[in-house]
Amino acid sequence: MNIRANARTVAVLGPTNTGKTHYAIERMLAHRTGVIGLPLRLLAREVYDRILALRGPDCVALVTGEERIVPDRTQYWVCTVEAMPIEIGADFVAVDEIQLCADPDRGHVFTDRLLHARGLHETLFMGSDTMRSAIAALVPGVQFQRRERLSQLTYSGSRKISRMPPRSAIVGFSVENVYAIAELIRRQKGGCAVVMGALSPRTRNAQVALYQNGDVDFLVATDAIGMGLNLDIKHVAFSATHKFDGHRMRPLNPDELAQIAGRAGRYQTSGSFGVTGEARPLADEVISAIENHEFLPVRKLQWRNGRLEFGTVARLIASLEHQTQNEWLTRARDADDLTALKTLVAQPETLDRLTSPRDVRLLWDVCRIPDFRGISAAEHAGLLARVFEFLQGSGRIAPDWLARNIQRIDRTDGDIDALSRRLAYIRTWTYITQRKGWVDDEKHWRAASRAVEDRLSDALHDRLTQRFVDRRTSVLMRRLKQKESLVADVNDKGEVTVEGELIGRLEGFRFRQDKTDSPDEAKTLRQASISALVPLFHLRADKFYNAPDTEFDFTEQGGLMWGDTAVGKLVKGDDPMRPQITAFVDDEAGHDVAEKVRRRLQHFMDRKIAALFEPLLNMSRDETLSGLARGVAFQLVEAMGVIPREQIAQDIKALDQDARGMLRKHGVRFGQYTVFLPLLLKPAPTRLRLVLKSLAEGLDEFPESPPAGLVTIPHLSEIPSAHYSMSGYRPAGARAIRIDMLERLADLLRGCDSRAGFEATPDMLSITGTTLEQFADMMQGLGYAAEKGERPKVKAEPVQPPVDSTADAPEAPAAEDTAASAPADADIPDAPAAADADTPAAEPKGADKPEDQIELFYTFTWAPRPRRDARPARKPQQADARGDQRKGQGQKPKTGKPKGKKPENKPRDYSAGPRKSDRIDPDNPFAAALMGLKTKG
């Protein structure tokens with residue numbers, strides 16, 4: 001391997017939580033190729049996943065003792081330190097946790113990487129500052145980078161487990177101790193996750209996820225958490241400060257305590273450490289050393305000769321036991337692989353098989369199979385001897401023998417201890433199947449062993465969870481103490497479940513919790529559920545804000561709907577045309593969610609009003625309107641496009657033709673009974689007008705919008721007349737007629753002789769959509785007398801069925817004003833009259849033959865009833881066919897048929913002025929037509 005002359009070697013040293021590993025990943029990705037060695041398979045998998053997300057699966061490899069993922073175009077290798085391919089000549093090489101060079105068991109592997117692993121362009125060693133002197137002495141030309149901890153670490157003394165704060169890790173150093181603490185936390189806190197070095201990586205990942213996801217707030221672990229695992233821990237408590245290291249019980253050194261305590265506080269979040277249970281408080285000097293990261297430097301590194309000789313087994317053992325003369329290095333004690341080698345060569349049957357250096361190398365490779373089972377050295381050696389026998393004989397392990405061993409382990413029954421033993425066994429077979437050339441069909445056996453390991457790992461995780469986690473209690477505790485969680489699930493029906501438990505329903509942005517047995521449980525359930533739903537509220541608020549207007553609607557009572565769900569309501573604002581919004585959002589969802597929902601609903605209503613009331617808004621913004629025309633426009637805007645004419649009769653009569661024309665440009669129609677904008681009589685604007693007017697008037701119950709397309713509707717006495725006007729109808733007898741159709745009827749009545757009397761025509765019945773009896777009642781409601789009569793029936797002309805041309809289509813252009821004082825200025829529609837009523841005419845029942853049938857008819861004459869309001873007597877007005885003119889003064893003429901002899905119909909000179917008998921009845925809106933008829937006569 002040709003290392004470049006300008007290649008640099010850097011030691012990045014500092015305490016935990018300084019971002020050393022993150023820095024190494026960045027540096028590796030800056031090169032074309034790279035290898036990074038990590039102390040744990042779990043940490044290697046974490047780094048692999050991070051690089052995989054950045055660069056994709058085609059260029060990243062993962063190589064550990066039990067897992068091998070190597071794509072064809074690998075550029076970056078993520079490995080355990082033992083599995084690093086240092087011979088490939090990568091541009092970049094990094095080794096993490098380099099202080100493990102001093103570890104009695106694995107230290108010699110890290111020391112070998114420190115002495116020999118180099119990148120062509122750059123080499124990084126990351127670890128504790130205690131390695132500075134050793135690295136400076138052993139690595140020529142090395143550069144140092146000191147990195148400070150990103151957060152503060154402080155000692156908090158001794159605490160009982162019952163008083164342990166959330167997001168705490170309690171550390172024990174034996175399986176029995178870990179299980180006992182975990183059981184205590186389950187009873188007092190609802191549960192905990194368990195992390196031990198003996199667990200498989202998949203089980204450890206699942207348990208870590210249980211804690212990281214917030215399903216539990218506590219973690220019980222061995223010192224395995226000190227090796228680079230990035231966990232969200234705020235406090236670390238030691239239940240003991242002594243451990244059995246495989247040979248003796250010894251106290252933990254300050255730097256070892258610091259390595260574990262440093263897991264508390266990640267990134268810029270400060271952490272704390274202390275003791276619990278039977279552990280004695282730490283000495284002041286130990287506390288000071290941990291808080292200030294000041295430890296004794298490493299003076300000796302574990303070393304084993306890496307230049308092995310395979311000529312004979314004796315030479316191999318001698319090379320492994322070779323001593324070093326370097327003052328910084330000390331020969332490591334016999335590792336498991338060397339112990340296994342000595343055990344095997346002591347067996348004659350194995351020694352007889354060693355006939356060449358190739359056999360010696362093969363035996364050494366077999367001896368490097370880790371003793372995951374940990375039963376006894378003799379039993380492990382027996383397994384290795386059997387594997388060596390297969391490989392040295394046929395070159396492959398027998399498939400049937402391998403299958404039997406794997407199948408015997410493939411069981412997921414039993415307790416935690418049984419599953420842990422099986423996992424240790426299968427890890428051995430997983431390691432064996434990962435060796436290249438040891439088995440036929442490597443892909444199959446690797447997948448088979450991995451599948452068994454995964455099943456056992458999942459089963460062990462389930463057993464640990466069942467034993468040490470009270471699901472419901474744990475979930476509720478988490479909801480009370482954790483504000484960010486994604487565990488809550490909502491189905492299509494809005495049912496909210498947490499870990500499979502139904503806790504309530506989500507209706508829009510309001511949570512309706514499930515019924516509980518006690519008030520305390522209900523309170524806890526409410527608090528926990530809302531806490532779990534907070535992230536979902538935010539996600540739903542984002543979806544809500546981006547939803548199109550077509551998904552929203554308002555109800556006739558002012559409610560605001562998102563699909564079928566109520567999400568708010570309209571409330572009265574300062575401007576009737578711009579109501580305010582009250583969003584239905586739980587307080588626990590937060591102000592941001594509530595404000596986002598309110599803003600979106602406000603945008604919807606603003607656009608809805610702008611679209612449906614566009615003619616009205618355009619008129620209100622027209623600066624060319626002035627004087628009385630602007631006043632009329634203002635009143636129309638206040639009335640939302642529909643105002644009875646009698647309310648503004650004086651203003652209308654005072655308008656000149658230019659002012660009327662300007663208002664007509666905005667679609668205003670000056671009807672006989674109503675001044676209105678036809679476009680605002682459509683169903684959608686009518687529905688909106690009812691809601692807005694009801695809000696403005698402070699009604700407790702809003703009137704319902706009439707069904708679309710109906711010309712007449714029942715007139716109910718308990719409903720105020722103003723509600724009919726808001727709906728676009730005018731009461732007339734037992735029914736109310738739509739105001740635009742009433743104006744069309746007025747156009748027809750204008751040509752009738754209301755003094756002499758007239759009958760209903762088919763066009764009148766068609767426009768109103770009524771029967772003759774209904775029409776007679778309606779006419780009486782409009783101020784006419786209806787005299788009923790009978791006569792022989794004559795063949796009637798067919799009547800066209802009523803069609804409502806205004807329900808969904810714009811009105812016809814405005815014609816002339818139909819005011820009583822100005823008949824020539826009435827709005828006369830060009831479109832054909834339409835209605836939606838029943839049979840247009842009624843026939844008497846019981847007639848058998850046409851010549852024997854008789855029919856009913858009504859003769860209508862103008863006979864207005866006295867006004868209900870006690871207004872002062874108004875001066876009578878007189879009009880001609882050319883417009884409004886105020887002439888003379890007189891009293892209101894009597895209604896009904898004139899008494900005495902009917903005068904002869906002689907021509908009269910109208911130039912001499914009106915006679916008293918010719919004065920127009922101010923309460924008869926159709927009297928102007930009579931004047932026109934007399935003029936023609």
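Two strands are taken to pair if DSSP finds at least two bridges between them. In this predicted model, S23 meets that description: three bridges join S23 to strand S24 (residues 559-562), and the two run antiparallel. Within this pair, phenylalanine 554 stands opposite leucine 560 of S24.

Both strands belong to an open sheet of four strands, ordered S23-S24-S25-S26 and paired in the antiparallel sense. The edges are formed by strand S23 (552-554) and strand S26 (578-583); each has a single partner strand, so one side of each is left without a neighbour in the sheet. Direction ignored, neighbouring strands of this sheet are turned by 35° against each other on average.

Two helices lie across strands of this sheet. Helix H19 (residues 591-612) lies across S23, S24, strand S25 (565-575) and S26, and runs at about 150° to S26. Helix H24 (residues 683-697) lies across S23, S25 and S26, with a direction at about 60° to S25.

A further set of strands involves S3. In general, the side chains of a regular strand alternate between the two faces of the sheet. In strand S3 (residues 60-63), Val60 and Leu62 point one way, whereas Ala61 and Val63 point the other way, and all are buried. Strand S3 pairs with strand S5 (residues 76-80) in the parallel sense over four bridges, and tryptophan 77 in S5 is the bridge partner of alanine 61. Strand S3 is also joined to strand S4 (residues 68-69) by two bridges, in an antiparallel arrangement. Here valine 63 stands opposite arginine 68 in S4, and a hairpin of four residues connects S3 to S4.

Methods: Residues numbered from 1 in each chain as written. Predicted model: local features only at pLDDT ≥ 70, side-chain atom pairs only at ≥ 80, totals over all residues. Heavy atoms only, no water. Axes fitted to C-alpha atoms, helices over the stretch in contact; angles between N-to-C directions. Contact = heavy atoms within 4.5 Å. Buried < 20%, exposed > 50% of the residue type's maximum accessible area, 1.4 Å probe, protein only.
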